Amino acid sequence: MVQVDIFWSYAIGAGFAASAGRQIRALTIRKDSAVPDSEKPSIFQNRYFTYNLIFLACAFAPSGIYLLWNFPHWETMQVARTHADLPAWLVVLFAITNITQGILGFWITGRLFQKGRYYAGHLQWFLGYFCMFFILLHGWDGLGWQRFLYDPTVAGAPWSPGQHMGIDFLWSNVALTLYAMGIVIVPGILFPMAKWIREGAEADASLPGEIVPTGLFKLMAFSLMGVFVISLGSAAITGLMVNYIGKAAGSLLPGFLIGMPAAFVLVYFAILRKPMPGYAVYRRLFIAEPQ
């Protein structure tokens with residue numbers, strides 16, 4: 001969706017950089033003082049960033065543009081009903097940010113790895129997916145999940161508050177399109193991440209051999225846990241707190257002003273802080289901070 005792809009793109013770029021973080025750190029930080037900083041490779045001068053850019057430009061951005069063209073109502077969270085509701089500048093901006101936000105996520109995460117902040121680097125893609133899921137579940141009015149589970153091309157009428165297709169959405173035209181796209185998008189994200197994590201760990205002489213991961217599928221499983229358990233779960237908790245406080249106060253504004261900070265504190269101390277479950281999941285991916 002237009003509103004979530006900005007954050008998804010950021011998460012993809014951050015995930016690629018975090019997975020290749022050890023390699024990026026080794027390539028861009030030279031201990032040879034004779035080499036001036038201007039001659040050291042940048043975060044963008046490596047094959048990992050090249051893959052990130054190609055993936056965003058040739059797979060992720062086109063998939064979003066296709067969905068926007070074929071299902072403008074769903075891709076805009078039921079705001080636009082037809083192509084006539086889409087200004088040209090919005091379509092262009094959407095296409096651009098699907099790439100630029102991935103570049104931004106890659107750069108910020110790469111910088112964190114340069115500073116030796118491996119866990120903070122992995123939390124960048126947690127943050128991207130968290131924002132993505134919060135918008136999908138809650139949105140701006142608590143009805144994001146209803147908009148997500150509604151396909152007017154099947155239902156035969158524009159969405160209105162209170163409407164959703166429930167489990168029937170799984171067989172909708174939008175869902176079938178998402179499944180087809182997932183065949184390319186999901187392996188294109190998970191496989192390089194797992195491969196680069198293992199390669200970086202194997203090349204890191206400071207890591208004991210017994211903690212170097214070997215199974216790619218296990219690394220992919222932990223990556224999926226980071227997305228669908230930690231990020232999605234945190235977004236669901238936040239959405240529930242915002243909605244509950246908003247309803248109790250009679251307005252969503254207090255829900256956002258009070259519920260979101262309270263949820264962030266809860267998520268940090270109950271999920272992300274060492275040695276909580278979220279930290280344990282990401283610990284399997286960043287393995288160890290540099291000594």
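**Helix packing and aromatic pairs in a predicted model**

Good morning. Leu53 belongs to helix α3. The C-alpha atoms of Leu53 and Gly102 are separated by 7.8 Å, although these residues are 49 apart along the chain. Is Leu53 itself buried, partly exposed or exposed? Its relative accessible area is 32%, so Leu53 counts as partly exposed.

With a relative accessible area of 0%, Asn98 is buried. Which residues does Asn98 touch, not counting those up to four places away in sequence? They are Asp5, Ile6, Ser9, Leu56, Phe60, Ala61 and Gly64.

I turn now to the nonpolar cores. The largest comprises 71 residues, and Trp125 and Tyr129 are those with the most contacts inside it. Helices α1, α3, α5, α6, α9, α10, α11 and α12 each supply at least two residues of this core. Tyr129, leaving aside neighbours within four places in sequence, is in contact with Trp8, Ala11, Ile12, Ile189, Val227 and Ser231. Another core, of 5 residues, lies apart from the largest one; among its members are Leu68, Ala80, Leu86 and Phe94.

Next, the aromatic rings. The count comes to 26 aromatic pairs, and I shall describe two of them. Phe44 and Phe49 form a tilted pair, with 4.7 Å from centre to centre and 50° between the planes. Of these two residues, Phe44 is partly exposed at 34% relative accessibility, whereas Phe49 is buried at 10%.

The second pair brings us back to Trp125. The ring centres of Trp125 and Tyr282 are 5.4 Å apart. Why is this pair called edge-to-face? The planes stand at 80°, and the term applies because that angle is over 60 degrees. Trp125 lies in helix α6 and Tyr282 in helix α12, so the pair ties together parts that are 157 residues apart in sequence. Both Trp125 and Tyr282 are buried.

Finally, the cysteines. How many disulfides are counted? The count comes to 0. Cys58 has a relative accessible area of 59% and is therefore exposed. Cys131, at 22% relative accessibility, is partly exposed; the cut-off for buried is under 20%, so Cys131 does not count as buried.

Thank you for your attention.

Conventions. Residues numbered from 1 in each chain as written. Predicted model: local features only at pLDDT ≥ 70, side-chain atom pairs only at ≥ 80, totals over all residues. Heavy atoms only, no water. Core = buried A, V, L, I, M, F, W, Y, C linked by side-chain atoms within 4.5 Å. Buried < 20%, exposed > 50% of the residue type's maximum accessible area, 1.4 Å probe, protein only. Helix = DSSP H or I, 4+ residues; strand = E, 2+ residues; numbered from the N terminus. Contact = heavy atoms within 4.5 Å. Disulfide = S-S within 2.5 Å. Phe/Tyr/Trp six-rings, centres within 6.5 Å; stacked < 30°, edge-to-face > 60°.
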